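Have your viewer open and your selection tool ready.

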Amino acid sequence: MKLLLLNHIQNARDSLRANRTRTILTITGVTIGIMSIVAILALAGGANSIVKQQVDNLGGNLAVIRPGGPTSHDFTSIANQQAHETYSTSTLSERDVAQIRSLPHVTAVAPLIVIPGTIQGSNTAPSTAITIASDSSLLHMSGLELQDGDFTMTDQNLVTIGRQLSIDLFGTEDSLGKTVTIRGQQFRVGGILKNHDTPVNFNGVNFNEAALIPQSQAKQLLPSFQIQQINIQVDSVSNLSQTVVAINKSLLESHRNEQDFSVLTGNGISEPTSQLFFAIAGVTAAIAGISLLVGGIGIMNIMLVNVAERTREIGLRKALGATRADIVWQFLIESVIMGFIGGVVGVVAGIGLAFVISLYLTFDPIVTWQMPLIALGISAATGLLFGLYPAYRASGKDPIESLRNSH
């Protein structure tokens, strides 16, 4: 059996070598499909690791409250949360923030209030950059630093803007003292944030292109605002669990025992962002899988051509005692090898493509050991699946007719 298998592999290798150009063109579709899928998953893994690393770097003493029950993890709710479009559904309130601030071991609380609308600088078109109202502790809890000025907690109309937003609005990163218009009201730039190397974060906000105002000024712009997220910092990691229990108890009492919020810690903070990345990656990979389907059809087409061209060979083998199973395995192994070779080239090319794309991003791709194995398995399965019909068609040929029609 082992000798027969080696014989099939040798025959397949000889056949592929004899039609080298045709073989290369055939496996190109599989290569492109596998390359696209590997690159997408590697980049998604890299983006996901950034958010988890950010949470870990904060010391592990952070908790986040988001609107919605703990079971709302479908793609639509995740996407809405990331886009901060659930303004009408959030039940978090200023009263909740005040209650949480009064709890033991809580050292800082930063609500996230999203103000929709445009921002306009001098002599520039309005920008759709996001405006966030919050407490000054948001900067520390989000790993943000000021390049110039200060995030002042005052009733004056002062705004702190991201470095990129400053460039977009004024053509320079030095815009202290300049005036911006937010929802028809004028604000003076009192601070500029340092450029954040990783704009992807657990807050779902690119602070490089955002405007920050104190919470006290939110009602001037949006009297009926709602809080989309509450960031909480406790005095130590050891007190985090009991503080989370206290937060849940306090909020349940004020929300009339309605679990319309989620208190998240550790990896749970980054989970919605991670799910969004992998959901997008999954959809994109499925689209890329069309190339894999095309590659599989190409394998089937070429194998049918091979069967037609090798009719005499099939007849001779059957006349010499080869069984239908022998013929099936002969052609199946050939198609699997084509799929596998396409997979190997696709994995290497996909990893290389991911690293090239990452040169223009703020994170590196992550390649796990399972990823190449799965990709190679898919490519080999593609060769097997699309080689079945040609193989069975070859095995069904009558030896006498095959020899007669081959002349």
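Eight salt bridges turn up in a search of the whole structure, a salt bridge being a side-chain nitrogen of Lys or Arg within 4 Å of a carboxyl oxygen of Asp or Glu. Bear in mind that this is a predicted model, in which local features need pLDDT of at least 70, side-chain atom pairs count only at pLDDT 80 or more, and totals for chains, interfaces and linings use all residues. Residues are numbered from 1 along each chain as its sequence is written, and side-chain values use heavy atoms, with hydrogens and water left out.

Select Lys 219 and Glu 94 to begin. They form a salt bridge whose closest N and O atoms are 3.3 Å apart. Lys 219 sits in helix H7 (residues 218-221) and Glu 94 in helix H4 (residues 94-101), so this pair links distant parts of the chain, 125 residues apart. Helices here (H or I, at least four residues) and strands (E, at least two) are DSSP runs, numbered from the N terminus. Lys 219 is partly exposed at 47% relative accessible area, and Glu 94 is partly exposed at 36%. On this scale, buried means under 20% relative accessible area, exposed over 50%, and partly exposed in between (1.4 Å probe, protein chains only).

Next, pick Lys 194 and Glu 145, whose side chains meet in a salt bridge at 3.2 Å, N to O. Lys 194 lies in the loop between strands E8 (185-193) and E9 (211-214), and Glu 145 in the loop between helix H5 (137-141) and strand E5 (146-149), so the pair ties together parts that are 49 residues apart in sequence.

Now move to helix H10 (residues 311-319), which holds both Glu 313 and Arg 317, four residues apart, about one turn of the helix. Their side chains meet in a salt bridge (3.4 Å, N to O).

Which residues have the most contacts inside the largest nonpolar core? Select Ile 65, Val 159, Val 180 and Ile 230; that core has 39 residues. A nonpolar core is a set of buried Ala, Val, Leu, Ile, Met, Phe, Trp, Tyr and Cys residues joined through side-chain atoms within 4.5 Å. Apart from it lies another core, of 28 residues, including Ile 299 and Val 328.

Leaving aside neighbours within four places in sequence, Val 159 is in contact (heavy atoms within 4.5 Å) with residues including Val 180, Ile 182, Phe 187 and Leu 212.
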